[in-house]
Amino acid sequence: MALSEASEKSWDEPADRAAAGPLSSRKRPLAPPYVGRIARRPQQPPVPLSLAPGAVELTGPVFGTADVSPSDADLTRQHGGEPLGERITVGGRVLDGRGRPVRGQLVELWQANAAGRYRNRLDRHAAPLDPNFTGAGRALTDDEGRYRFTTVRPGAYPFPSAVHPNAWRPPHLHFSVFGSAFTQRLVTQMYFPGDPLLPYDPIWNSVPDARARERLVAVYDPELNEPEWSLGYRWDIVLDGPDATWTEEGR
Amino acid sequence: MTLPATPAQTIGPFHGTALPFPGGADLAPAGHPQTVTVHGRVLDGDGAPVPDALLEFWQAAPDGSLTGAPGSLRRDGGVFTGFARVPTGGDGRYALRTLVPGGAPYLALCLMVPGLVRHLFTRVYFRFPEGDPLLAALPPDRRATLLAAPEPGPHRSYRFDVRLRGTAETVFLRFGPARP
């Protein structure tokens, strides 16, 4: 068992809804979507709230050089030696729905190491820890909304449950992003292009709309390569306006 | 131009070594005489504690300003940044030390829970102001889930439990378009 929760068979419970939206044959889900732990899922629909100007949630926290050092964005330089794995550069822009850059905001990343193991006591996957890799980083977006991390490509790891006994998570990066408004808060995951595990991943398939799922997949971008050092992946992040936090969950 | 938004995904079980930071719960400047404690538990639909949730609070300063300030992640103990990040412990408990906001008397709360496909929003009210459109639209028993209850005793503390499901389920919010 990779996860302590999985061993309790509580991680994941039977899907109670079908995937929605147009699906290309290539990306048709081959696994039921992850629906989470029923006991944790609210039964009442969220209460719609139109925010008046001046509402607290239309503003948000600010971060700066007091919070994040440039070196925090290099996950390969946090220990005495080089971590194992394929070195990558992941960068892109954080934009709002109108295409405007989100400037000076906090982007956080966490991930498994190249062998598919998190440096976290909850992760019991029988893959080695890397003494030179913690797997967490932070960056601030610049005036164009750009962020950039140097890290290693994470490994896949098993994700068994009662519903998906043979599931593996595709390599992915967890991202936490702030916008200019608290309503824009986003926690999500980035995937790698061309990954054959994707159509089988319950988590990726938990986004019902196929086009929206594709927006979680980065593109290989040679322009982001560090010559003779790292492979570049570009992933732009678009934050909701306050008008789309829940009802369009399936996008 | 409208760009389609990047969808949210579950926070997963392994955020605990990445997102929490020292002093995350200490929003009030060190030793501030007006410090209040907001504490409680996050509970699931079976009443079981949720030991792996992450709570993020955003709020106005005591003077009502919503500008915030950098420095939340490496607090110097003197600046009120308006932002706190608090993980729950093994018993589902959290505790936030802050100052009561000026202006609208509530904390915005974003709750991230492994096992949910996306995060949740709610509010923590210190009192219910007249004419608040959200509160006016809720039946009294649901409204009550948004109130931080003052506790007796010499310390200024408030109790606020989050119930994810079932009896007394907390009101969660979906933000709509801003009114002109």
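Where pLDDT is low, the predicted coordinates should not be read in detail. For chain A as a whole the mean pLDDT is 87, and 85% of its residues reach 70 or more.

This is a predicted model, in which local features need pLDDT of at least 70 and side-chain atom pairs count only at pLDDT 80 or more, while totals for chains, interfaces and linings use all residues. Residues are numbered from 1 along each chain as its sequence is written, chains are lettered from A in the order in which they are written, and side-chain values use heavy atoms, with hydrogens and water left out.

Turning to the interface, chain A contributes 85 residues to the contact and chain B contributes 72. The area buried between the two chains (accessible area, with a 1.4 Å probe, that two parts lose on being put together, summed over both) is about 7,000 Å², and carbon and sulfur atoms give 60% of this. Within chain B, the residues that lose the most area to chain A are B:Gln9, B:Phe14 and B:Arg174, together 13% of what that side buries.

Five salt bridges are found across the interface of chain B and chain A, a salt bridge being a side-chain nitrogen of Lys or Arg within 4 Å of a carboxyl oxygen of Asp or Glu. A:Glu57 forms a salt bridge with B:Arg123, where the closest N and O atoms are 2.7 Å apart. On the side of chain B that touches chain A, strands β2 (54-58), β3 (83-87), β5 (106-112), β6 (120-125) and β10 (173-176) each supply at least two residues, strands being DSSP runs (E, at least two residues) numbered from the N terminus.

Strand β10(B) also pairs with strand β1 (residues 47-50) of chain A, in the parallel sense and over four bridges, where pairing requires that DSSP finds at least two bridges between the strands. Within this pairing, B:Leu173 is the bridge partner of A:Val47.

Methods. pLDDT = per-residue confidence, 0-100. Contact = heavy atoms within 4.5 Å.
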